[in-house]
Amino acid sequence: MIKKYTLKELSESYAFVAPLIIFVLVFILFPVIGTFLTSMFRDVAFLTKEFIGLDNYKKLLVDSRFWQSFQFTILFTAVSVPLELGLGLLFALLLNEFLPFRGLLRVCVLIPWAIPAAIAARIWELIYNFHYGLANFVVQSFGFSREPINWLGTSGTAFFSLVVSDAWKTIPFVAIILLAGLSAIPDEIYRQAQVDGSNFWQRFFRITLPLLRPVLVVALLFRTIDALRIFDLIYVLTKGGPGGSTTSLSFYGYKYFLVSDFGYGSAVSVTLFAIAFGLSIAYLRLGKFKEEIL
Amino acid sequence: MGERRLKSILIILGSIFMIAFCLMPFLYMLIISISKNPDFLASLGNFQFASDNYHGILTIKSLHFLDYLRNSIVVSAVSAFITVLIAGLAAYAITRLTLLGKVFILLFVLAISMFPQISIVSYLYRFMGRLNWINTYQGLIFPYIAWILPLSLWILVSYFSQIPRDLDRAGLVDGCSKWQILRKIIFPVAAPGLFSTALLAFIFAFNEFMFAVMLTIDYHSRTVPVGIALFQGLHGEIPWGTIMAASTIATVPIVICTILFQRHIIQGITRGAVKG
Amino acid sequence: MRVRLVDVTKKFVSLRGEVFAVNRINLEIKDGEFFVLLGPSGGGKSTLLNLVAGLEKLSAGEIWFDEKLVNSAKGGVFLTPKERNVAFVFQSYALYPHLNVFENIAFPLRIRSGQKITIKQSVEKAANTLKISDLLFAKPKELSGGQRQRVAIARAIVRQPSLFLLDEPLSNLDPQLRLSTRRELKELQRKLGVTTVYVTHDQLEAISIGDRIAIIRDGGLVQVGTPDELYEKPKNPFVATFIGAPGMNLIETSVQEENGIYWIRLGNKRISLPQNRKNDFEKFVSKTCILGIRPEHIKINPFQTEQSFRARIKSIESLGRDELVQVSIDDVDILVLTNEPGLEKDEVVDIEFDLSKLQIFNK
Ligand SMILES: Nc1ncnc2c1ncn2[C@@H]1O[C@H](COP(=O)(O)OP(=O)(O)OP(=O)(O)O)[C@@H](O)[C@H]1O
Ligand SMILES: [Mg+2]
């Protein structure tokens, strides 16, 4: 039986969370639902809106451009996330050592995180400049290649360039949260292991990695979701080119919104949403997180 | 002995790589922004100092850079402030009050923050269109608040749950209402946490791109990242010097903030992430 | 102020299922009384105190302050702590870390929007009473445990509450400080005359400080009484062992009647019970029951008498002035408090109970 005063107290408590709920509902959940619904309509500017069920999705299945961007998005995620986690872990391990100027080093690592992605992309665009960019300068002066490379101009190098600049922007985040995980591992464990005569690699694989697993899964989750929805970098660096080879799903959907084909664009967005959602659930299963939240 | 030596060499090499990797693009931006020609690398040793780029970006009205900057600062600051307030209220209720479905709210909000922006933005675009809010501050601020709320909530829940419950109870006995407990006890005690959250929220809003691309049209509300992304030259040639000067002006304050408050920021990031 | 608890019940619903932290407690606390809630950990003392304070809401029952109903589950009545005008001292002291000592003490007055001048006067008076006037501008984290505790008490008394509630306020202090603070607290309470409810799980503390004590166990009220009553007339074996250090000896046996005289048997000897306590023993005749006798009510005799038992000394522990001797009568172990000199381990002695102090309980 719920007491009268308990009801009053509950309503008071909900008043505190109400603004949060309202904002999230109105500006995120409803739009997502709206996008879902729109994806079942032919909803193109100047044409009458018409319910067409799953036709947009059927069209997706035979749309080779869609499959191209699908493939790019998955490939980009599959390449950049492990790279970022690997380098992020390396940086975290370095930052966790007793180095001189440790604070300063941490700041250096934070800088890419603080710079807006669009601006970072602009910097990288210049770095990749065919005629006078830093990338070609380095490549040529170290003798890796005699001719300048058209970084953003061929599909292979464009992919590579995107991966590198994305890594630059996001490794700090990975490094910082892995560093938090590392510093939570008590020193005694390492000292004990050292006394037991283990070498560096054994300590790394037997102690560090297993204890870091929850944090690693979190980083993996966040990074995967972020990589799947990549947009800013592509918008600035390649505009999806060359030949559509670097069009991410976000960017593909965006292109349809630009020409006011909301129905089809929404179907693309919903597909991306479904992929992200499915992967998150899979990761959470993997990380056995249920108990750890609260 | 050998192992230790090898290890310190590896650490030094690794650190050098790390610093170079992280700082190089940033420094490159700074250098280009103060050079007369962006192509000095092609003809080596041709570097010439010039402040034209800065002068141009700050004085040429038609570039609207200062407008973008103002828009960004206003939108981000207002969004950050309101977000922290709303998240603070909710975090208080979730950590302290009788509330059914606390875990559900936290997980729901976490799930929401994982939605791809592209699945929101088209609907928002038309919604804002109907409200006539396209190209206005509020048209950006409201979505930003919603977008940053999940992160802020998680960070604040983590801060608030560390404040002893006895403080609330003492406050109750001393005659506070719930609202007074929040304002006179929880908020002051959690001030460092609120500050880091606000800082993170500001940086998030400042860096946001997709909403800003879709929901703004021109200098009346366009933010710096979009402005810089869309910066094109008048005569075909991209004015790299000007772009880098603009980028420098836009990022250096944030970078300085990051340096000054690195502890707060790192705490914020790790609390937001590691708890989730 | 008088506090009356009627069928007070608090049920928590948690992942473990339903827990009755407090179960149907009826109590009356008199005006100006120093009332102690005593009991083992997890018994529900804090929950009961929180209910009285208004920090928790009743699941069933009623709480009255004088003639005012402050919480009734059925009637849907609930007054907040503010409306009840109670003061609370927490085990953790719960000082506001962002405020200095002055502002901590002034906090309840400011919330009630008192006048600036009167606030200053009241704070200084409270600080004087607790001898912390020189600490007024320190932050809580600069203070020692004892000082924090004083600040917490000052904050509690500064606004003349009608009820003063303390939840194990001394348990974070070191033993010596505990003794002196205990005395001061009692004095302060007498001076202010405010009805006080004090929670502790330390029976010595309870006995020395309380006018009356309620023993709480598993959410239920076991016994209420003055310290002497609890000591001399414990209602059941639990109270008997809980009060007094060391606790009462409990011996399982039975009472026999022969020729109008009651006997008890221990080992292979039986002794007669005094005639004037016949009424106490009557209802236990021919039933197994539990005898209780305090260690200080057993004498070690130099020689055998009709009423004494043969016992072997198993161990001797010195308590300073006295010695705590463990003896066994056949298989039954008994603790004896004595100042008899020259006892030795394994010595066989004769012990005699002070039968006027003998307690008897149902099994
Ligand atoms: N908020 C709560 N939710 C669920 N169960 C609770 C809650 N508060 C207390 N309990 C349970 O109620 C019982 C009584 O707890 P309480 O804190 O009142 O005991 P106590 O006598 O004060 O013990 P101690 O001497 O250790 O402080 C315990 O079993 C406890 O687990
Ligand atoms: Mg307790």
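In chain A, A117(A), A120(A) and W124(A) of α5(A) are in contact (heavy atoms within 4.5 Å) with V164(A), S165(A), W168(A) and K169(A) of α7(A). These contact residues comprise five nonpolar, one polar and one charged. The model is predicted, with local features requiring pLDDT of at least 70 and side-chain atom pairs pLDDT 80 or more, whereas totals for chains, interfaces and linings use all residues. Residues are numbered from 1 along each chain, chains are lettered from A in the order in which they are written, and side-chain values use heavy atoms, without hydrogens and water. Helix α5 (residues 117-127) and helix α7 (residues 155-183) of chain A pack at about 135°, their axes lying 10 Å apart, and are therefore oblique to each other (angles under 35 degrees count as roughly parallel, over 145 as roughly antiparallel, 65 to 115 as roughly perpendicular and the rest as oblique).

Between the chains, the contact draws 103 residues from chain B and 89 residues from chain A, and about 9,000 Å² is buried, 81% of it on carbon and sulfur atoms (accessible area lost by both parts on being put together, 1.4 Å probe). Three salt bridges are counted between chain B and chain A (a side-chain nitrogen of Lys or Arg within 4 Å of a carboxyl oxygen of Asp or Glu), and the side chains of E97(A) and K7(B) form a salt bridge at 3.8 Å, N to O. Helix α3 (residues 64-95) of chain A and helix α1 (residues 2-33) of chain B cross at roughly 120°, with axes coming within 10 Å, an arrangement that makes α3(A) oblique to α1(B).

Conventions: Axes are lines fitted to C-alpha atoms, for helices over the stretch in contact, and angles run from 0 to 180 degrees between N-to-C directions. Helices (H or I, at least four residues) and strands (E, at least two) are DSSP runs, numbered from the N terminus. Ala, Val, Leu, Ile, Met, Phe, Trp, Tyr, Cys and Pro count as nonpolar, Asp, Glu, Lys and Arg as charged, and the others, Gly among them, as polar. Buried area is the accessible area (1.4 Å probe) that two parts lose on being put together, summed over both.
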